[in-house]
Amino acid sequence: MSKSNLNAVLVKNGKSDHVVVVDKLAPPAVNFAARELVGYFMKMSGAMLPISDGNDCLSRKQIQIKAHPQKMANNCRDQFTIKWEGENLVLEGSNPRSALFAVYALLEILGCRWFYPGESEEIIPRKKRITLGKINLREQASMEYRGMAPYPQGTKDVPMLQKMIDWMAKNRMNLCMFSLAHGDAGWDDVKSELLPELKKRDFILNVGAHCLMKFAQPEKWFSEKPEWFALKKERVNDDICHSRKEIIDIVSDNIVDFLNSHPEIDILSLWPTDGITGLCECEKCSAFSATDLLLKTTKQIKQNVVRHKPKIKIEFLAYYIYSKPPSKAQPDADLIINYAPRGHSYEYAFDSPTNPYCNRLKGYIKSCQKNGASICVFEYYADNVLQKLMVAPMARRIFEDIRHFKAMGVGGMLPICVSIYCWWMNCFNLRMMAKAAWNASADVEEILADYLKKYYGVAGAEMRRYFLTLEKIVPAAIWRYDESHLPALREVESRLRVVLKRIESRVILKRVGRALVYLQALEQRLLLRQREIGLVAGRLDDEKSMDLYRRKYIDFIEKHRRISGVFDPYVLSHHTDGWDLGVRCEIIPDKSEEGCHFEMKTSDKFKL
């Protein structure tokens with residue numbers, strides 16, 4: 001690098017001597033990266049940098065954007081470099097999306113931030129002069145897969161999903177998961193509008209979820225061939241008989257036909273019916289554990305499918321009754337195990353001695369490492385349903401757990417997000433997940449401090465207290481009867497009200513106001529949650545009181561529903577229909593192992 005580059009001027013007074021250069025045959029994501037760089041330079045400074053293939057600008061200073069996997073080591077991982085080569089600034093990725101990540105990394109160095117989805121939430125510094133000093137930056141992802149499953153996924157949700165995909169790329173995520181069918185909607189309903197957004201960011205596309213029975217076609221075969229389906233006292237159509245080759249071959253053929261008509265899919269997640277409590281009980285199937293039975297079937301289907309579609313990867317979900325590691329069947333290469341510790345309490349670290357899921361994950365990892373399969377963790381950091389509309393900030397817990405996952409040999413993080421409309425707290429956690437999965441050695445305190453300073457300005461110090469208090473209190477309050485938490489939350493609320501009076505910026509005022517409303521809703525939800533738990537534990541017997549608190553909570557959300565990022569009718573409707581707010585929950589300790597983790601059972605007794 002020449003001496004003149006020690007503080008090179010990229011833009012001055014709305015003008016630039018630089019040109020952005022991409023190869024004329026560059027893939028779509030590299031061309032998109034160039035447009036993003038130009039667009040954000042325009043937002044920052046008003047300067048419009050031209051884009052060229054390089055042949056007509058040899059005499060000008062260049063910002064080169066490239067994707068050269070052959071130059072990078074370990075190129076299955078996303079990685080990039082940013083460095084000066086003489087007068088030219090070179091941004092180079094191990095693949096097209098990594099070149100895009102390099103652009104976003106450069107923009108972050110220059111002060112841009114994307115804490116939340118949507119253009120209105122961007123933080124873009126205004127500069128008359130953009131300079132860049134000496135730089136030789138190389139970054140490589142700690143984990144191969146970094147993504148999520150965003151919900152809901154209907155046609156009405158497309159605008160928000162587009163914002164989420166854009167935000168995910170800016171935070172170095174590389175995979176998006178869609179259901180083949182979720183309620184009345186599925187991938188085919190949103191494909192035409194979302195696939196272009198995914199392709200221009202070079203995303204990995206995972207499609208499927210709880211779709212095994214869709215390919216088994218019980219509506220076609222059950223009445224004619226009931227023996228092909230699960231025996232549970234009698235034949236039922238929520239699962240197949242895993243010992244019948246005929247139905248496994250039909251599922252395989254249907255998957256091949258589906259993949260032929262959907263060449264955009266990289267990973268097919270082939271999960272059984274959600275919440276299934278038991279598998280086929282015929283004599284042959286009963287010889288296997290739930291995990292071994294499902295894994296054996298998934299492997300048979302995969303072997304049939306890859307003969308026709310050799311590049312496809314099949315994903316197996318380790319979940320519920322099949323979360324325990326296999327003993328007979330073993331995962332093989334090109335199979336992705338997605339381990340879902342549903343029921344893990346975020347009050348405790350994942351490697352806590354009280355957590356049965358940790359040893360189960362170790363068992364899966366041992367099987368995967370022996371046979372060349374990949375393993376990811378399907379987390380619930382942003383699941384308003386599982387966390388009872390009480391999602392808490394978990395920056396430290398997320399970093400602690402992901403460092404532990406990486407040390408164990410986990411290769412990816414694929415959490416669920418329910419709901420994308422509750423983006424203020426959900427995306428806080430998902431961004432922390434993305435940061436940790438990209439660089440597990442990153443300083444979480446530094447990342448948190450940067451967020452608080454840049455997003456909340458003068459209110460940053462008080463918002464730090466806010467996040468630390470919620471992180472400490474809420475995960476425990478979801479499962480435990482203890483109203484002593486409430487005074488601490490109310491103290492935080494009181495202090496926030498004082499801070500609001502001192503804020504002059506309307507933007508900061510809106511952001512802190514959103515946090516205040518979230519906190520008030522959390523207090524009301526906590527009061528109701530304590531009564532749900534108290535009734536079950538026999539510590540409270542006033543059902544009318546619980547109904548009163550339930551009504552107060554619902555009324556509060558109805559009143560504040562229009563505040564963006566906090567509430568979502570999709571989640572609330574589930575709860576008021578009787579999933580949680582309208583149903584008495586019985587907390588049943590996991591009898592198989594000592595611990596603090598619970599399964600939820602429900603009855604209709606307390607419906608509104």
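A209 is found in the loop between strand 11 and helix 5 (212-216), where helices (H or I, at least four residues) and strands (E, at least two) are DSSP runs numbered from the N terminus. The phi of A209 is near 65°, a positive value in a residue other than glycine, and A209 is buried at a relative accessible area of 2%, with buried meaning under 20%, exposed over 50% and partly exposed in between (1.4 Å probe, protein chains only). This is a predicted model, in which local features need pLDDT of at least 70 and side-chain atom pairs count only at pLDDT 80 or more, while totals for chains, interfaces and linings use all residues. Residues are numbered from 1 along each chain as its sequence is written, and side-chain values use heavy atoms, with hydrogens and water left out.

**Backbone geometry**
- Most residues other than glycine have a negative phi, and most peptide bonds are trans.
- D202, in the loop between helix 4 (187-199) and strand 11 (204-208), also has a positive phi, near 55°, and is partly exposed with a relative accessible area of 22%.
- The peptide bond from Y151 to P152 is cis, with omega near 0°, and P152 belongs to the loop between strand 9 (145-151) and helix 3.
- A cis peptide bond also runs from V418 to S419, with omega near 20°, and S419 lies in the loop between strand 20 (416-418) and helix 11.

**Chain as a whole**
- The protein chain has 17 helices and 22 strands, and 60% of its 608 residues count as buried.
- Among contacts (heavy atoms within 4.5 Å) in the protein chain with a separation of 6 or more, 75% are accounted for by residues 24 or more positions apart.

**Helix packing**
- Helix 2 (residues 96-109) and helix 3 (residues 158-170) have axes that come within 9 Å and cross at roughly 75°, the axes being lines fitted to C-alpha atoms over the stretch in contact, with angles from 0 to 180 degrees between N-to-C directions.
- That angle makes helix 2 roughly perpendicular to helix 3, since angles under 35 degrees count as roughly parallel, over 145 as roughly antiparallel, 65 to 115 as roughly perpendicular and the rest as oblique.
- L100, F101, Y104 and E108 of helix 2 make the contact with D166, A169 and K170 of helix 3.
- Helix 9 (residues 356-371) and helix 10 (residues 395-408) pack at about 35°, with their axes 10 Å apart, and the contact is made by C358, L361, K362, I365 and Q369 of helix 9 with H404, F405 and M408 of helix 10.
- The axes of helix 11 (residues 423-438) and helix 12 (residues 444-456) come within 12 Å and cross at roughly 140°, which makes helix 11 oblique to helix 12.
- In this pair, W424, F428, R431, M432 and K435 of helix 11 meet I447, L448, Y451, Y455 and Y456 of helix 12.

**Two buried residues**
- I130, in strand 7 (residues 129-133), is buried with a relative accessible area of 0%.
- Leaving aside neighbours within four places in sequence, I130 is in contact with A8, V9, L10, V11, F41, M44, S45 and L110, and the C-alpha atoms of I130 and N13, 117 residues apart along the chain, are separated by 9.2 Å.
- K302, in helix 8 (residues 290-306), is buried with a relative accessible area of 5% and touches I314, D332, A333, D334 and L335, not counting residues up to four places away in sequence.
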